[in-house]
Amino acid sequence: MSALTTAPSLGWQARQPIRRGEHQGHTSGLAPGLVQGNLMILPQALAADFLLFCQRNPKSCPLLAVSEPGDPFLPTLGQDIDIRSDVPSYRVWRDGMLVHQPSDLTALWQDDFVTFVLGCSFSFEQALIEAGIPLRHVQQGRNVAMYRTNVPTQSAGPFAGPMVVSMRPMTPADAIRAVQVTSRFAQVHGAPVHLGRPDLIGIADLAQPDFGDPVDIGPDEIPVFWACGVTPQSVAMATRPPLCITHSPGCMLVTDWLNHQLATG
């Protein structure tokens, strides 16, 4: 993965206003063409179990990079990335409870922290748009809708809990095409995990997402669900680790990697 062509000037430029605290909102549509990543930061004592959790749940937690303990820099993902300041909004969890939502982690950083960066659906969204498939949340300027499901993840050590999915409404024809397009992006969640019938995966009301924003669904459309990188936050709430830090939903790490180079086949 480290051999991927990068666009350091574009990624670096996109991260600067985030680092300065000038951009604290979602990153959908920011730095088009560049890979964005979900975030999980854990003390080293929990890192091996979480790595195994990611390996057992690659649809929800596709690994892009893992740091050395205590090292806030991620040189394989981009020029001068500092994970303490380069995400617009973080979530600090203690014993499964959200206790703080800072825009900078410098004061909270620990020498034993290990950073995991996971693939994000924003990468395959570019491919969907290029294939002529409209995305409602993009059209409406909203964050994608995300839901906890009744679909269990495969546990590893203390980590277990339900899968989170992101939802995009589509016509049946577009949904078929979306399966074909996103199947080529295994490193950023790949093909959908469910189409139609949200009740079958434990979602009672599409108008009430657990994360993100609701979007309109047309009478000729069905909901299409992808595994989502917010799953670790659901797992944190279920398993209550003493401390972990994630990104706020929709507020991703912008890397220097190019989306189209993640496609296979």
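Q: What does a search of the whole structure turn up in the way of aromatic pairs?
A: The search finds 7 aromatic pairs. Bear in mind that this is a predicted model.

Q: Why is the pair of Phe50 and Phe159 called edge-to-face?
A: Take the distance, then the angle. Ring centres must lie within 6.5 Å to pair, and those of Phe50 and Phe159 are 5.4 Å apart, so they qualify. Planes over 60 degrees apart count as edge-to-face; here the planes sit at 70 degrees, so edge-to-face it is.

Q: What makes this a link between distant parts of the chain?
A: Phe50 belongs to helix 2, while Phe159 is in the loop between strand 6 (145–152) and strand 7 (162–170). The two are 109 residues apart.

Q: How is the chain divided into domains?
A: Domain 1 takes 10–120 + 235–262, and domain 2 takes 122–232. Over C-alpha atoms, their centres are 20 Å apart.

Q: How do you know that the domains are in contact, and how many residues take part?
A: The test is heavy atoms within 4.5 Å. The contact draws 36 residues from domain 1 and 39 residues from domain 2.

Q: How much area do domain 1 and domain 2 bury between them, and which residues of domain 1 lose the most?
A: About 3,100 Å² gets buried between the two domains, with 60% of it on carbon and sulfur atoms. On the domain 1 side, Lys59, Cys120 and Leu262 lose the most area to domain 2, together 21% of what that side buries.

Q: What kinds of polar link does the interface have, going by the counts?
A: Salt bridges come to 0 between domain 1 and domain 2. The polar-contact rule, though, finds 13 residue pairs across the interface, both partners at pLDDT 80 or more.

Conventions
Residues numbered from 1 in each chain as written. Predicted model: local features only at pLDDT ≥ 70, side-chain atom pairs only at ≥ 80, totals over all residues. Heavy atoms only, no water. Domains from an automatic or database assignment. Buried area = accessible area lost by both parts, 1.4 Å probe. Salt bridge = Lys/Arg side-chain N within 4 Å of Asp/Glu carboxyl O. Polar contact = N/O pair within 3.5 Å; in protein donor to acceptor, adjacent residues only side chain to side chain. Phe/Tyr/Trp six-rings, centres within 6.5 Å; stacked < 30°, edge-to-face > 60°. Helix = DSSP H or I, 4+ residues; strand = E, 2+ residues; numbered from the N terminus.
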